[in-house]
Amino acid sequence: MKDEFKSNISTIPAEKLFLTYMHLISKCESEEVFRLIEPVGEGIMKHNHIAKGIELVYSELEAYNPNYQAEKKEVDAIEIMYIVDGHGDFELLNRQFVSGDKGDVLIFNSKSAVKKCSLGRSGMNCLSLIIFTEEALAFLNDFFDTKDFIAADFFSQIRSGDSVVTYPADDLLEKLFMEMTRLPEKYSPYKLKLAVIHALLLMMERKDKRDTTDLYFSGTTGRKVQNVRRLINLNLEKEISIEELARKVSLNRTTLQKVFKEMYGLTINEYRTKSRLQLAKNLLVSTNLSITEIAGRCGYANASKFSEVFKRNEGLLPKNWRN
């Protein structure tokens with residue numbers, strides 16, 4: 001069975017992942033569109049073959065159950081995920097816990113099987129580059145007419161580990177990932193391939209990877225901090241103190257603050273402000289509520305304080321932003 005997987009590694013995404021767990025909606029020369037089926041979850045996935053050993057998947061997920069992990073362990077491969085929108089929490093089989101928000105890059109190797117995935121309230125949109133080492137290296141060497149690309153230098157720390165590396169994408173990397181989501185045009189297949197290659201090169205030479213001990217937490221701690229995020233989002237109209245949040249999930253304040261910042265890239269108060277302003281913008285667009293009413297729903301004592309915070313973060317007063 002293992003030899004069968006290795007002899008067909010370039011066909012795993014389409015034949016083993018998509019066709020096994022999803023329903024094909026449409027197919028054209030360069031793209032296949034699938035709908036997830038139970039028990040995998042709810043959502044749409046679009047698959048593009050980039051080159052031998054390199055597959056691109058764009059996913060719009062409402063719910064996701066990662067139950068195809070056994071196939072991944074049979075090959076030398078990595079999955080590079082870029083979160084276009086939304087949020088995802090991932091608990092690995094080795095009990096480590098990793099989280100990603102919009103703009104984050106997460107790199108999984110074939111050993112870091114995901115036990116459980118929990119998506120944000122609005123789901124998660126993401127791009128995944130599925131890279132099969134041997135074939136991808138052969139393609140890169142052929143593309144650049146070189147022999148410089150070797151397995152020992154190709155995401156070697158990630159491929160030899162048993163966990164996930166995560167970091168926020170810089171401006172150039174974010175631009176390249178967003179280029180991969182563009183609508184088709186005359187030369188889009190070629191531009192897509194170049195964007196993928198450029199992104200791979202940037203990530204391969206990344207020198208500022210954080211130590212893995214700073215990136216992961218036990219599943220228990222991770223779930224507690226995840227619950228704090230839920231508590232914040234469910235109570236945006238309230239001013240729940242950090243001490244009270246820590247008490248509700250049985251963590252000490254210092255641990256909660258440290259782990260929350262590592263998982264979400266923001267302090268608790270920064271995250272709460274961000275979530276409140278997102279709710280405010282939704283209400284400004286979709287309702288006729290007054291600025292005072294919206295301020296109350298977003299946890300601000302008065303319209304003046306709300307307007308001050310809104311302008312500092314968005315550059316406009318709420319009434320001007322609405323117009």
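Trainee: At what angle do helix H4 and helix H7 pack?
Mentor: Axes are lines fitted to C-alpha atoms, for helices over the stretch in contact, and angles run from 0 to 180 degrees between N-to-C directions. Helices are DSSP runs of H or I, at least four residues, numbered from the N terminus. Here H4 (residues 133-144) and H7 (residues 188-204) pack at about 110 degrees, with axes 13 Å apart. H4 and H7 are therefore roughly perpendicular (65 to 115 degrees).
Mentor: This is a predicted model: local features need pLDDT of at least 70, side-chain atom pairs count only at pLDDT 80 or more, and totals for chains, interfaces and linings use all residues. Residues are numbered from 1 along each chain as its sequence is written, and side-chain values use heavy atoms, without hydrogens and water.

Trainee: Which residues make the contact of H4 and H7?
Mentor: Contact means heavy atoms within 4.5 Å. H4 brings Phe139, Leu140, Phe143 and Phe144, and H7 brings Lys193, Leu194, Ile197 and Leu201.

Trainee: Where does aspartate 145 lie?
Mentor: Aspartate 145 lies in the loop between H4 and helix H5 (156-160). Phenylalanine 155 lies in the loop between H4 and H5 as well.

Trainee: Is phenylalanine 155 buried or exposed?
Mentor: Phenylalanine 155 is buried, at 6% relative accessible area (buried is under 20%, exposed over 50%, with a 1.4 Å probe and protein chains only). Aspartate 145 is exposed, at 72%.

Terms used. Helix = DSSP H or I, 4+ residues; strand = E, 2+ residues; numbered from the N terminus. Parallel < 35°, antiparallel > 145°, perpendicular 65-115°, else oblique.
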